[in-house]
Amino acid sequence: MYRVILDTDVGIDDALALFLALSSPEIELEAITTVNGNVPVEIGTRNALALLELTGRTDIPVARGCERPLVRPVAQHAVDLLIERIMAKPQMITLVCIGPLTNVALALRREPRIAENIYEVVIMGGALRVHGNVTPTAEYNIYADPHAAYIVLHGGWPIRLVSLDVTTMTLLKPGQIASLPDNRVTQLIKYMTNYSFRFSAALDNTHGFPMHDPLCVGAVVQPDLIAWQPCYVDVELADGATLGTTIAQFDPRDRPHSWRPNVHASVTVEAEQFIQLFTERCKFYDEGP
């Protein structure tokens, strides 16, 4: 059983990740913290509360977090919750980060001891050997607050990084969505993904819905679905075309001695097995939690 705090900017794939977390017996969801990202933090917080109400899990606390990137004034509420929960349960909390890393970086700055008291940090972020999805070289969650990402990646705590290298290979296809049995959750999944498919069709890209954030939760539920490799990852902070780029060094012969691995990076994924896991867990909502 993993005690998980989900740090999220609740959009479509974040919602799917939340549904997977709630339907997985391997996970006890301790709390949700929200951050500005795909949607403004006030909308993401409202989305999180609505999704918990839909699934009958209003017992799970939601804390609104940072409204702006790290270099600007911010709210502290989610930061306080992160510190409180991690310090109260040493070596028991898995922090799953599926949005920009602003909350997490601020928590680490305010209370550095959380690094030695966390069980693990699992991050959806980065593009290590593939193109980015917001610039040619940068992935959105890292690009949205690269300074926060730099702090978190160099925080000296155990990190698994679920990057675009594997999430873009993990596609929920229209036929698989259509075949989901109708319940209160899958009806919402169909509505949200149909919106995404309509948008993708305008771009002539309807291969499937990339499961970026759900796969990050899947890395906790069934970590063996992903192959991991120790890696040194840094973040480009200079303004310009490469801002937010994740620079990865896998081979120790290619990096200075001081660049020791700071993450376990995702390198391959059993994509179809994960999709089967996700669709099977959707049946959890047929009878309700």
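A word on terms: helices (H or I, at least four residues) and strands (E, at least two) are DSSP runs, numbered from the N terminus, and two strands pair if DSSP finds at least two bridges between them.

Before I go on, this is a predicted model, where local features need pLDDT of at least 70 and side-chain atom pairs count only at pLDDT 80 or more, while totals for chains, interfaces and linings use all residues. Residues are numbered from 1 along each chain as its sequence is written, and side-chain values use heavy atoms, with hydrogens and water left out.

So, back to the sheet. It's an open one of nine strands, in the order E3-E2-E1-E4-E5-E6-E11-E9-E10, with mixed pairing. At the edges you'll find E3 (62-64) and E10 (246-249); each has a single partner strand, so one side of each has no neighbour in the sheet. On average, neighbouring strands here are turned by 30 degrees against each other, direction ignored. Axes, by the way, are lines fitted to C-alpha atoms, for helices over the stretch in contact, and angles run from 0 to 180 degrees between N-to-C directions.

Now look at helix H3, residues 77-88. This helix lies across E1 (2-8), E2 (27-34), E3 and E4 (93-97), and runs at about 150 degrees to E2. Contact here means heavy atoms within 4.5 Å.

Zooming out, the protein has twelve helices and eleven strands. Its radius of gyration, taken over C-alpha atoms, is 18 Å, close to the 19 Å that the globule rule gives for 289 residues, so the protein is as compact as a globular protein of that length. That rule is 2.2 Å times the number of residues to the power 0.38. The C-alpha trace spans about 55 × 40 × 35 Å along its principal axes. Buried residues make up 55% of the 289, where buried means under 20% relative accessible area with a 1.4 Å probe, protein chains only.

Last stop, the cysteines. Cys-97 is buried, at 0% relative accessible area. Cys-282 is buried as well, at 3%, and its sulfur is 17 Å from the closest cysteine sulfur, that of Cys-216, too far for a bond.

Notes:
Buried means under 20% relative accessible area, exposed over 50%, partly exposed in between (1.4 Å probe, protein chains only). A disulfide is a pair of cysteine sulfur atoms within 2.5 Å.
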